[in-house]
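Thanks for coming, everyone. I have one structure to walk through today. Please bring it up on your screens.

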Amino acid sequence: MGRTTSALLLIMVAAMCYAAAMASGEGERTTEERFLLRDMKQVVKTDAGEMNVVRGSEGWIPDMPNIHVGFVTMEPNSLFIPQYLDSDLILFIRRGEARIGSIYKDELIERRLKSGDVYRIPAGSTFYAVNTADGQQLHVICSVEKSDSIGWGTFQSFFIGGGSSPTSVLAGFERSTLSTALNVSESQVSQLLTRQTSGPIISLSNTNSNSDSHQSRVWTQFLEMRHHGRVQCLKRMAACFEEQVTEEEEEEPIMRSFRKLLSFVFGKELSAGNEARRSRSKKPHSYNLFNRKPDFENDYGSSVALDQSDYSPLKRSGVGLYLVNLNAGSMMAPHLNPTATEYGIVLRGSGTIQIVFPNGTLAMNAQVNEGDVFWIPRYFPFCQIASHSGRFEFFGFTTSARRNRPQFLAGSNSVLQSMRGPAFAAAFGVSEERLKKIVNAQSESTILPPASASGESFGDEMAMGFEGIY
């Protein structure tokens with residue numbers, strides 16, 4: 001009873017928002033803009049890469065789960081320096097290859113990711129990313145889940161590494177405090193926390209200046225170690241950097257300070273008992289969306305949905321993923337999501353998205369192109385139609401990690417088929433025979449074929465079919 005009441009309240013709020021918008025003189029274009037997310041903010045920009053974030057649907061429907069969508073581009077041989085966030089991240093490697101290092105139960109876990117891979121980084125977990133593809137840019141799309149956010153804007157990064165750009169969170173402590181904590185001199189602390197000037201994404205082959213060259217060498221030496229060496233470095237083990245350093249004698253104190261800084265951040269060496277428990281625990285893993293067999297596929301396209309039953313880390317984040325490919329002119333049949341709000345990103349091609357308000361009026365009928373971001377509220381009926389010029393591919397996130405089970409409103413698997421009978425026919429005011437004839441006219445399910453050769457659109461065909469009812 002409680003869930004039904006909440007659903008009705010949500011629908012009523014959405015309807016009132018729409019009515020208020022129309023009453024205030026806002027036209028169709030403004031209504032459509034509610035569902036096309038245009039508020040993109042550049043949060044990182046360096047010579048080695050950038051990150052842009054599209055803000056989600058904050059404030060439009062109260063208490064609705066909200067996701068922001070991030071786009072990260074990194075040049076070859078570049079590093080996104082160690083940081084942690086106040087928000088969960090789900091990474092999707094759209095193009096390229098990456099090595100992601102993150103802290104899991106006090107252990108450094110590294111994963112090599114390729115195109116199509118999905119990987120979760122929990123809020124508060126320190127991580128870094130390296131573009132490992134030779135001569136190829138890295139493109140990452142990520143969800144920024146705000147449930148754990150401290151509320152400072154879209155999300156908040158806390159950089160571990162850093163200098164004057166970005167500033168390390170450690171720089172906020174008094175120099176004497178860090179000197180004592182790291183067991184080095186205050187001058188060494190000052191050197192360590194002022195050398196980085198290249199921003200959050202840096203080139204590992206930078207030779208523009210002595211400062212940039214030095215900080216690139218520091219990170220390069222760290223990343224070129226064997227995995228075991230990096231783990232030992234992060235756990236206050238033997239002087240791992242000194243074993244790798246080939247720099248001049250005067251630079252060695254900085255390298256030693258860097259090692260101690262990492263040890264200070266990531267904690268003490270684990271006990272044998274902790275090692276044993278950790279070895280028995282299930283470490284984070286990735287999942288390749290491109291290699292997954294489609295959940296649905298026919299001559300007109302395919303779709304894949306990834307939930308917590310397929311990729312267990314999603315259970316903690318409460319986020320699902322999906323990938324849809326539509327052939328030219330094909331349609332994802334009108335449907336609704338009963339358990340989640342949906343955020344989508346156009347990966348390739350173009351198409352049209354139609355969304356319907358609870359009162360049966362058209363909320364949006366807009367063309368979208370590669371790079372566009374859109375969202376569809378839970379319960380709102382919608383469909384996607386590929387343009388006739390080529391394939392339409394879109395990927396996205398949902399606000400539930402549980403199986404969504406969309407309810408289709410047209411096609412051979414629709415609720416019209418399931419509820420067919422005298423009562424349903426009476427609801428439309430037609431005979432059961434006439435309703436059966438209309439419902440059975442579409443023999444395909446889920447992804448429907450292009451409009452007939454007559455050139456009529458799906459919308460026109462549906463309208464003509466229902467005109468015969470009255």
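Start with asparagine 77, in the loop between strand S3 (67–74) and strand S4 (78–85). Helices (H or I, at least four residues) and strands (E, at least two) here are DSSP runs, numbered from the N terminus.

Two points on the source. This is a predicted model, where local features need pLDDT of at least 70, side-chain atom pairs count only at pLDDT 80 or more, and totals for chains, interfaces and linings use all residues. Residues are numbered from 1 along each chain as its sequence is written, and side-chain values use heavy atoms, with hydrogens and water left out.

Back to asparagine 77. Its phi is positive, about 55 degrees, although the residue is not a glycine. Most residues other than glycine have a negative phi. Asparagine 77 has a relative accessible area of 35%, so it counts as partly exposed. The cut-offs: buried is under 20% relative accessible area, exposed is over 50%, and partly exposed lies in between, with a 1.4 Å probe and protein chains only.

Arginine 405 also has a positive phi, near 50 degrees. It sits in the loop between S23 and strand S24 (407–408). Its relative accessible area is 61%, so arginine 405 is exposed.

Asparagine 183 follows helix H3, with a positive phi near 60 degrees. Which residues of helix H3 (residues 175–182) are buried? They are Leu178, Ser179 and Leu182. Seen down the axis of H3, they fall within an arc of 105 degrees, so they line one face. That arc is taken from the directions from the helix axis to the C-beta atoms.

Now S23, residues 392–398. Of its 7 residues, 7 are buried. Phe392, Phe394, Gly396 and Thr398 point one way, while Glu393, Phe395 and Phe397 point the other. Strand S16 (residues 320–326) pairs with S23 in the antiparallel sense, over 7 bridges. Pairing requires that DSSP find at least two bridges between two strands. Valine 324 has phenylalanine 394 as its bridge partner in S23. Strand S18 (residues 342–348) is antiparallel to S23 too, joined by 6 bridges. There, glutamate 342 partners threonine 398.

Phe395 and Phe397 come up again in the core. The largest nonpolar core has 87 residues, and those with the most contacts inside it are Phe80, Ile141, Ile345, Ile355, Phe395 and Phe397. Such a core is a set of buried Ala, Val, Leu, Ile, Met, Phe, Trp, Tyr and Cys residues joined through side-chain atoms within 4.5 Å.

Next, the sheet. Seven strands make an open sheet, in the order S1-S2-S3-S10-S5-S8-S13, with antiparallel pairing. Its edge strands are strand S1 (40–46) and S13, each pairing on one side only. Strand S8 (residues 117–121) pairs with S13 over 2 bridges. Valine 118 stands opposite tyrosine 287 in S13.

Buried or exposed? Arginine 292 is at 14% relative accessibility, so it counts as buried. Its side chain makes a polar contact of 2.9 Å with the side chain of aspartate 295. A polar contact is a pair of N or O atoms within 3.5 Å; within protein, one must be able to donate a hydrogen and the other to accept it, and residues adjacent in sequence count only if both atoms are side-chain atoms. The arginine 292 side chain also reaches the backbone oxygen of alanine 305, at 3.4 Å.

That's my tour.
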